[in-house]
Structures are given as C-alpha cells and as structure tokens.
Amino acid sequence: MLGFQASQRLRPLWLSTHLRSHNSRHVTRNCCFTGVRRKLHACVVGSGPAGFYTVQHLLKNNKEIRVDLYERLPVPFGLVRFGVAPDHPDVKNVINSFTQTAHSERFTFCGNVMVGRDVMVSDLQEAYDAVVLSYGAEDDQLLRIPGEQLPGVYSARAIVGWYNGLPENKDKTDITGAALDAIAESKIKRIFVVGRRGPLQVAFTIKELREMVNLQGVRTVLNPSDFEGIERVLLENIPRPRRRLTELLLKSTPQGSAGCVGHREWGLLFHRSPVQILPTADGERVGGIHFQLNKLEASGDTMKAVPTGNSEDMPCGLVLRSIGYRSLPLDPDVPFDKRRGVIPNNRGRVEGRAGLYCSGWVKRGPQGVIATTMNDSFETGEAVLEDISNRSASPQAGFESIRPKLASRGVQVVSFGDWTRIDRVEQERGLKLDKPREKILDVQEMLTHASG
C-alpha cells in the first residue's frame, strides 16, 4: 500500500517482467473421427497473455484445430496493453508475437463480446469442442478497514488503468495526454511504500528497486533501524537474487552510498499494517492512515507479522491500496471458488465440466510474471489437446453458430481486421504527438473506427 503526502496523482510502480523461452517437447496431434481427420474448433475467452499463450499452444501443436478468441473490449492484449507501465516498452514487445499468432488463418478474433452477458458459456460449449476461460482478474482485493471508501483512496489497478488508457478508467492513460499532464503538474513531494513485514520479505525485484533509487531528483528514504541484523542474515544461505536485492537496500540506507539527492522523496516503511483510513478535519477526503506496528514471528516461509500493541498515524492526502487482484465469476453456470477467487480446476480442467478449461489468473490466482502465465497456459493447452485427441464427436460450427445470437442482441463484433483500423488511428494520432500511439479512450469511438 502506498501513502502519499499530497493529494495529487502519481504513477505507482508496476512490476516489470521478463520473458523466457519455452522448450516445447510436445508433438503435433491430428485427431480422428470415425477414422477420418476432422477439423476441431476451440475457443478462448480473454485476449490477455494467458489467452494468447493458450491459443499459441493449441495452434502450434495441432494442425487440424481452429481457435476463436473472445474479448469484451474492441481491442486485444489485455494487461500487456493496459497493465504495463509506459516506461517499460520492452515488456510490451510480446504483442509482436501475439499479433503474428492473430494473422493465422486458423484464428479468429471476436472483440466487443462479453461472455456471460452477450453470450453464455453454455452457448459456447454447444458450439466448440473445447472452451478455455482466460479472462484474468478484473477486481481488487480490499483492505476492509474503516475509511476505505473516502475520496482519495484508490486501487493501484485503477491508477494503472488510468495512465494506460483503460476505457473504464479514462476519467481519472504509451501514456495518455491526460495522465501525462496530471503527472507533470503533480505537487507530490513524498511517497511511502508500506508493508506489514520486513526487508527480507519484499516482493519487488532488484531491477525495480534500482530504477527507484536512481530516479533523477528523487531521494531514497529508509530507516536504518529496519535493517538491524540484516548483515548477519546475509551471511546465511539465502538465494542469490534475494541477497543481491537486500544488499542494494542496505546501500540505500543513510549509511549506504546509493540513491540520488533531490527535492522529492520516496521511502519504504516496514512492520506496519493499516487499520483505519483517517479523514480530514471536514471529513471530505482522506487525511491520513492509522497503522498498527508489527513484529515478525517464526522463520523462513512461515514468517508472519503479529501486532506489538503499538500504533502510529501518518498524514497523507492520497492512498493507493496494492494488495492484489481478484477474479470474479463470469457465468453462474461455471463453478467458482469465491474465497480464493479462482475457478476450481485440475491442471486447467474445470472440475465437473467436461470440455471446459481455464488458464492464467482465473486458474491459479493473480500471481507470477508473464513467463509464469506462459507456462501455465501451455499446461492448460496441453490438457485440451490430450482430451480432444481422444474424443469422438461431430465437428462443431464454432463462431458461425454464435454469430446469429450476437447479431440478434445488437452486438457489433470486432474482427482483428477491424482492430487494425483502430490501431492505425491510434498510431497516426501518436505520430502527431511524437509518441508511439495516442490511445482511444472511448469504446464507442473504437467501434466507430472499427467499422471503417
């Protein structure tokens, strides 16, 4: 969770990810129906990394399969488009691979279709040999403490969506002009990133920390008391990545030599759990946070924070909760574990529903980087191929049987060709502003450009 000592907006940190290659050992399968090769038809719901990696695995490992990809927005790529910070364009390079996949003649993009509203999962199962749900995590975990609904308290997801041009966050976005102007005019001077445990339990990477301590004109503020005894721990057998990260943290303390001097500050506060968001005197918006102070008990993976009985208040004008995302039920007919926020499954096979699968965050929860999602999606794709290779059934019509239902409900389906028209308009607008693209923020405007 982030506490800001000002009421202006600022871009939060985004976890940078790295792709690694996948050495596939799978062989191409051709499925048979009464002894004759038949065309198989699968669909994937959600066009983020999990969806596209699932599509890639299916197309690569079975030359007789067609895959249709359904997406609720008119534009594809999910979190790669809307969840990666604009200053990490290298992470977005995976879009090139996804675009190449989309050009396959065995692939169909069906944008602006909300499964669970415009078409139901049962409809898809009647039309396809296999249905894979890869729609991700679109909701936020809540702190569930008093004052959380005060103006000035936002989720990190909403802020990321704002500066990345997610249509539902357009009024708070390759960064949009509105977000860039707001950040340029920001009067924020101090930012604190607060965690309930200690320096040895931080979840960010050394690359992310290095980016922060080297920000021009920004000073890193760390409390030396939080690092007492850390040097002794470093002598123990801890993994090298954690060791290097902790060493950089130590260098960033006042006794260390890392960090920049500037008129703005950012810092890390450890051993604190928020128990209440405090209002301003007039009660109109957030004015501070009341923390309980913690101590750590147990060791290793079982280390947990427990209250000491002490507390403190920190004044601030903006609070961002960054405690994770959460998937939501898509269709009442699909099993869903509301406590864990996932679809119950076994290696991607939805429990009790033959022919229905899941991949990505809705399969395992919102964790891991893009490479994690890639391997997870390949596992689901492999489960699909194992099952349909042994299944005897009539060929399924796929999107051609879904199209009339969508037309009767007035749904304008966006094809990948339609999306390229939207993409071209965004690039042309960006060229005038000396940037890669200027994203269209309104869904209806997207649809207008999609129709030519």
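R144 sits in the loop between β8 (139-140) and β9 (153-155), where helices (H or I, at least four residues) and strands (E, at least two) are DSSP runs numbered from the N terminus. With a relative accessibility of 69%, R144 counts as exposed; the cut-offs are under 20% relative accessible area for buried, over 50% for exposed, and partly exposed in between (1.4 Å probe, protein chains only). The phi of R144 is near 55°, a positive value in a residue other than glycine. Most residues other than glycine have a negative phi. N112 also goes against that pattern, with a positive phi of about 65° although N112 is not a glycine. N112 is in the loop between β6 (107-111) and α4 (121-127), and at 13% relative accessibility N112 counts as buried.

A word on the ground rules: this is a predicted model, so local features need pLDDT of at least 70 and side-chain atom pairs count only at pLDDT 80 or more, while totals for chains, interfaces and linings use all residues. Residues are numbered from 1 along each chain as its sequence is written, and side-chain values use heavy atoms, with hydrogens and water left out.

Zooming out, the protein has 14 helices and 20 strands. Buried residues make up 50% of its 452 residues. The accessible surface comes to about 21,300 Å², and carbon and sulfur atoms hold 50% of that area; these areas come from the Shrake-Rupley method with a 1.4 Å probe, and for residues only the protein chains shown count as cover.

On to helix packing. Two packed helices are described by the angle between their axes and the distance between the axes. Here the axes are lines fitted to C-alpha atoms, for helices over the stretch in contact, and angles run from 0 to 180 degrees between N-to-C directions. Helix α1 (residues 49-61) packs against helix α11 (residues 370-388) at an angle of about 45°, with the axes 8 Å apart. That makes α1 oblique to α11, given that angles under 35 degrees count as roughly parallel, over 145 as roughly antiparallel, 65 to 115 as roughly perpendicular and the rest as oblique. The crossing of α1 and α11 is right-handed; the handedness is right if the near helix is turned clockwise from the far one by less than a right angle, and left if anticlockwise. On the α1 side, P49, A50, Y53, T54, H57, L58 and N61 meet a set of α11 residues that includes I370, T373, M374, S377 and F378.

Helix α3 (residues 94-102) is another partner of α1: their axes come within 10 Å and cross at roughly 50°. That makes α1 oblique to α3 as well, though α1 passes α3 in a left-handed crossing. P49, F52, Y53, V55, Q56 and L59 of α1 meet V94, S97, F98, T101 and A102 of α3.

Some of these elements carry annotations. The UniProt annotation "binding site", from an unreviewed entry, covers A50, E71, L79, V115, W361, G368, V369 and I370; UniProt positions are given in the numbering used here, feature names are shortened, and annotations may be inferred rather than shown by experiment. A50 lies in α1 and counts as buried because its relative accessibility is 8%. Leaving aside neighbours within four places in sequence, A50 is in contact (heavy atoms within 4.5 Å) with S134, S359, G360, T373 and S377. L79, found in helix α2 (residues 78-82), counts as partly exposed at 34% relative accessibility. G368 is in the loop between α10 (361-364) and α11.

Two further residues round out the picture. R244, in helix α9 (residues 240-251), counts as partly exposed at 32% relative accessibility. Beyond its neighbours within four places in sequence, R244 is in contact with I206 and R210. The C-alpha atoms of R244 and I206 are separated by 7.3 Å, with the two residues 38 apart along the chain. P329 belongs to the loop between β17 (325-326) and β18 (345-346) and counts as partly exposed at 45% relative accessibility. P329 and I343 are 14 residues apart in sequence and 8.2 Å apart in space, C-alpha to C-alpha. Apart from neighbours within four places in sequence, P329 is in contact with Y135 and F336.
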